[in-house]
Amino acid sequence: MKKMMLFGAVCTLILLAAGCGKQNKVANISLTMWDEAQSPIIQQSIDKFNEEHKGKIAANIELVPWDTYWTKLDASLETKEAADVMWMNVYLTKYAAAEVVKPLDEYIQKDKLDLSQYIEGRVNAYNLDGKQYALPKGLDTVFVAYNKEIFDRYGIEYPKEGWTWDDMRTMAAEMRDKIKEAGGKEYPIVMELDDQPSWMNFVVQNGGNYISEDGKTTGMGMDQSVEAIQNMVDLMNEELMAPYTVLSETKGTDLFISGQGGIVFIGSWKASVLENSTIGMNGNIGLIQMPSLNGSNSSVLGGLGYCLSATSKHPDEAWELIKYITSEESLYNEAINGIDIPAQIKAQEGYVKNFKNLNAQVILDAAVTGFPYQSNGNFEWTSYVNDAVQKALSQSAPVKESLVEGAAQAQAVLDKIYNQ
Amino acid sequence: MKIKKFMKETLPVHIMLILFSVIMVGPFLWMFLTSIKTYEETIRIPVQFFPKAVQWVNYQIVYHKFPFLTLYFNTFFVTLITIIAQLLVVSLAAYAFSRLDFPGRNIIFLLMLGLMMVPGQIFIIPRFQLMVQLNITNTLTALILPGIFNIFGVFMMRQFFSSIPKELDEAALIDGCGYFVIYWKILLPLTKPGLVSLGIMVMLNTWKELMWPIIVNRSMHKMTLSAGLAMLIGEHTTYYEQVMAGAVISVLPMIIIFAIFQKQFVAGIARAGLKG
Amino acid sequence: MNKKKHGYSARKRKEAVTGFLFIAPMMIGLLVFSAYAFFQNIYFSFNKVGAFGKPQFIGFDNYIRIFADPNFYIALKNTLFYTVFGVSFVIIFSVIIANTLNKKVRGRTFYRVCIFIPAITMPAAIGILWRWMLNYKFGIVNYILEKIGLQPVAWLSEAATVKWAILLVLVWSMVSYYVIIMLAGMQGIDLSYYEAARVDGAGPRQLFFKVTIPLLTPIILFSTIMSMIGILQIFDFIYLMIQRDTIAYQYSMSMVTYFYELAFVKDLRGYASAVSIVLCIIIMIITIIQMYLQKYWVNYDN
């Protein structure tokens with residue numbers, strides 16, 4: 001008994017000593033991000049960066065799954081143990097307000113960094129109260145991919161440019177009938193049920209909104225918004241789209257690349273998945289802009305940027321990292337590997353070049369008529385609306401009822417926040 | 001006659017036991033089968049039971065994606081330190097409650113029992129804030145510390161101590177032994193089974209604990225196996241053959257250890273239960 | 001005489017001091033990590049606590065909010081569902097299976113190892129496994145259902161069925177653990193009881209109901225309380241098996257899941273603290289009722 005404890009104690013000491021590690025003078029900085037699909041490519045940039053700054057700076061990636069990314073980021077910022085550099089999106093408002101991210105203006109001026117090399121909209125997205133909080137990395141658009149093999153098999157014409165929502169319905173109905181005849185199990189239409197790659201697009205296309213421009217009113221209870229969601233429910237009811245039960249368990253993209261879907265509404269962040277899929281490699285994926293609903297096929301535009309933590313112990317070194325990974329060289333590498341559309345304009349040519357199996361120009365073109373992801377940086381109200389949409393889509397309650405109720409609850413919270 | 005007896009008595013029992021075993025083990029077999037298929041094979045409709053060729057490559061992929069060695073080390077390290085610390089702290093306190101008389105002993109013990117009934121969520125937010133203030137979030141220490149003070153352990157060990165006849169203490173006292181010596185040299189060795197149970201309980205708990213590690217720690221490299229596995233689900237649940245491979249890697253060692261030491265395991269768990 | 005008295009009280013004092021010293025590490029640890037946390041949680045429940053910044057005192061607002069919160073009631077209803085059905089099924093099945101395992105048949109050890117495996121497996125692995133098996137399109141469970149002529153069930157994506165999916169996995173994993181405990185209990189029953197009953201002409205069924213069960217009641221009580229406390233706090237499986245932004249997540253949410261969402265996803269920590277306290281009170285009430293009722297059905301060795 002005693003021997004065991006002694007053994008255990010010795011083990012402990014050895015482990016502790018090993019765990020203590022060596023002290024070095026190299027500045028260790030970390031970059032935190034989600035999306036494991038992108039990390040190997042970004043790691044390449046990091047490796048180059050480390051090579052260049054050997055002995056002085058050593059950067060590494062801390063990969064956190066999307067589900068827990070924000071929770072962890074918050075926790076780490078509170079503890080001042082945060083990563084030095086972090087991926088940031090529309091949630092920036094919250095972090096800027098709490099002053100846990102450091103504005104980059106000083107560094108930009110000191111190094112005379114030319115911001116016009118980036119898409120203006122993406123630079124502005126990270127500019128609050130005149131302060132530049134992040135350098136843009138990429139751009140997201142939403143479009144439609146179709147499986148040529150399925151279209152050919154059932155003898156349906158490929159979707160044509162300029163097609164409308166009604167065109168899509170007609171095509172899907174034809175496909176549905178032919179599939180049934182042949183005893184197949186595919187779905188004409190599939191999509192992911194998150195806001196960015198699906199319903200936010202339709203709501204805005206139809207004239208509604210998720211949150212108003214001034215960020216104080218939600219338009220999800222408006223007739224136009226209700227109609228957009230109702231369209232989706234109709235698709236499911238008429239068996240033109242996979243049912244909610246299937247879509248809420250298996251992502252639309254996964255269904256599509258496993259040959260279960262005729263067309264999929266998809267975001268550009270999944271482009272490399274399409275490229276490397278079996279169907280893609282057989283040259284059977286076609287891309288096209290979304291069908292226009294009520295005259296519009298505007299895509300939600302998103303994108304990520306790199307922020308600097310206000311409590312970073314090596315802010316200067318972290319800035320060097322940010323500068324490098326948003327440089328033309330680094331973003332071109334991302335483009336040529338198809339993991340993200342660069343916000344850096346020159347690097348964009350790498351994007352189309354990269355895709356052998358997809359007509360990537362379509363993805364870039366969607367940005368022309370797009371609108372930025374609607375958010376007011378606050379998230380106390382969003383779950384009421386998001387839950388209402390899920391309720392509506394799953395038909396646990398009628399569409400209009402759910403949305404109107406959800407919007408009202410959300411508005412109540414918004415009113416409290418903005419004291420109106 | 002013998003055959004009749006077999007059919008009537010033994011066979012039904014075997015059938016039942018086989019049925020139960022299949023229900024309990026079957027899913028794990030499916031886990032393994034899934035892990036050796038290709039992606040297309042896993043999503044084939046209708047379900048394809050066996051892969052055409054065994055895809056060990058899935059294990060390679062997952063092993064590279066996730067630092068399993070680190071996760072195992074973390075889990076092992078946390079378990080070991082927790083066990084050692086807990087054995088000392090808990091058994092010492094249990095000895096005192098069982099053998100030593102001091103004012104307020106019973107009240108303190110009852111309060112402790114009361115505290116034991118409080119569900120863990122009550123403590124999470126304040127403990128998290130505490131870790132933040134002490135600046136030890138994202139460390140293994142944060143995983144170890146709260147686990148050391150196991151009230152149920154004190155309760156159980158006290159039962160064990162109480163079952164040892166007091167004459168031993170008295171004899172030792174007369175011989176001039178101090179209380180600590182009595183505890184360390186005489187009584188503790190006699191409660192070995194209790195300590196083993198405690199150790200097994202700690203191991204199972206650390207192994208299974210999910211919420212606390214994912215809240216207080218951030219990097220994959222500071223996770224225990226459970227939390228790390230949960231992170232495996234993350235954004236890309238698509239490739240179940242990889243997810244299952246990861247699950248197999250996490251589950252297999254424990255199953256093997258269990259198969260070898262099952263007698264001790266079962267005895268340990270049972271004892272903890274019976275003493276309650 | 002004097003010397004003896006003096007020696008006695010000195011010893012008593014030494015004993016007391018030693019006593020305090022020995023419980024000190026445990027007490028300090030408990031004070032810091034549990035007692036202080038307990039009171040701080042109560043304090044938080046009367047405040048608005050966000051991700052950053054200081055707590056703001058808001059009195060009983062959080063508690064009032066709970067009463068009007070539909071999500072709270074859904075979580076409460078779900079938790080009670082899991083607990084009532086979960087405990088019942090776990091106890092019933094574990095007793096039956098343990099009884100079968102207790103019989104003298106060849107290969108007993110092999111069966112035991114098989115049946116105990118879920119008990120030593122991480123909930124994380126179990127959750128992932130069942131998430132895959134219960135998948136609507138590709139899961140093997142629906143495949144089996146279709147093969148025997150039934151309709152596939154949307155286990156994890158339909159509001160009505162998702163609770164049953166969680167219950168299934170919960171019971172499956174817990175039965176394994178409690179079989180161990182029940183079996184140990186059964187093996188601790190003095191064989192003489194069985195002998196006596198058999199002499200009286202009792203058959204196997206009567207032996208089970210008239211000897212095994214009554215003598216097992218202390219263990220059953222213990223298991224009931226432990227499993228109940230465990231299920232009331234269910235979190236892992238829901239977290240692992242259900243996709244976050246879907247309707248199924250809303251309708252399968254347990255109280256602890258709700259607590260987690262509030263505290264660490266929505267950054268409403270004060271409100272979460274209040275919810276946790278309400279949960280704590282509920283658990284305590286149920287436990288106390290259990291302990292009180294035990295005298296009516298539990299037999300202890302006299």
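Domain bounds, as used here, come from an automatic or database domain assignment. On that basis, chain B holds domain 1 (2-55) and domain 2 (66-234). The model is predicted, and every value below is computed from it.

**Domains of chains B and C**

Chain C is likewise divided, into domain 1 (2-45) and domain 2 (61-296).

In chain C, four residues of domain 1 and seven residues of domain 2 make the contact between the two domains. On the side of domain 1 of chain C that touches domain 2 of chain C, two residues are nonpolar, two are polar and none is charged.

**Contact of chain B with chain C**

Chain B brings 76 residues to its contact with chain C, and chain C brings 70 residues. The element giving the most on the side of chain B is helix α14 (residues 240-275) of chain B, with 16 residues. That side of chain B is made up of 60 nonpolar, 12 polar and four charged residues.

**An open sheet in chain A**

Chain A has an open sheet of four strands in the order β9-β10-β8-β11, with mixed pairing. The edges are taken by β9 (187-191) and β11 (285-288) of chain A; each has a single partner strand, so one side of each is left without a neighbour in the sheet. On average, neighbouring strands of the sheet are turned by 25° against each other, direction ignored.

The partner of β9(A) is strand β10 (residues 261-267) of chain A: the two run parallel and are joined by four bridges. Within this pairing, A:V190 has A:V264 of β10(A) as its bridge partner, and A:Y187 stands opposite A:G261 in β10(A). Although β9(A) stands at an edge, the strand is mostly covered, with five of its five residues buried.

Helix α9 (residues 195-205) of chain A packs on this sheet and touches β8 (142-147), β9 and β10 of chain A. The direction of α9(A) makes about 90° with that of β10(A).

**A helix pair in chain A**

Helix α10 (residues 223-237) of chain A packs with helix α19 (residues 382-393) of chain A at an angle of about 35°, their axes being 9 Å apart. The crossing of α10(A) with α19(A) is right-handed. On α10(A) the contact is made by A:I229, A:M232 and A:V233, and on α19(A) by A:V389, A:A392 and A:L393. By class, the residues of this contact are six nonpolar, no polar and no charged.

**The setting of A:S45**

A:S45 belongs to helix α2 (residues 39-52) of chain A. The cut-off for a buried residue is 20 or more other C-beta atoms within 10 Å of its own; A:S45 has 21 C-beta neighbours inside 10 Å and therefore counts as buried. Apart from neighbours within four places in sequence, the contacts of A:S45 are A:Y324, A:I325, A:S330 and A:N333. A:V101 stands 56 residues from A:S45 along the chain, and the C-alpha atoms of the two are separated by 23 Å.

Technical notes
Residues numbered from 1 in each chain as written. Chains lettered and ligands numbered in written order. Predicted model: local features only at pLDDT ≥ 70, side-chain atom pairs only at ≥ 80, totals over all residues. Nonpolar A, V, L, I, M, F, W, Y, C, P; charged D, E, K, R; others polar. Pairing = 2+ DSSP bridges. Axes fitted to C-alpha atoms, helices over the stretch in contact; angles between N-to-C directions. Left-handed = near helix turned anticlockwise from the far one by under 90°. Buried ≥ 20, exposed ≤ 12 C-beta atoms within 10 Å, placed from the backbone.
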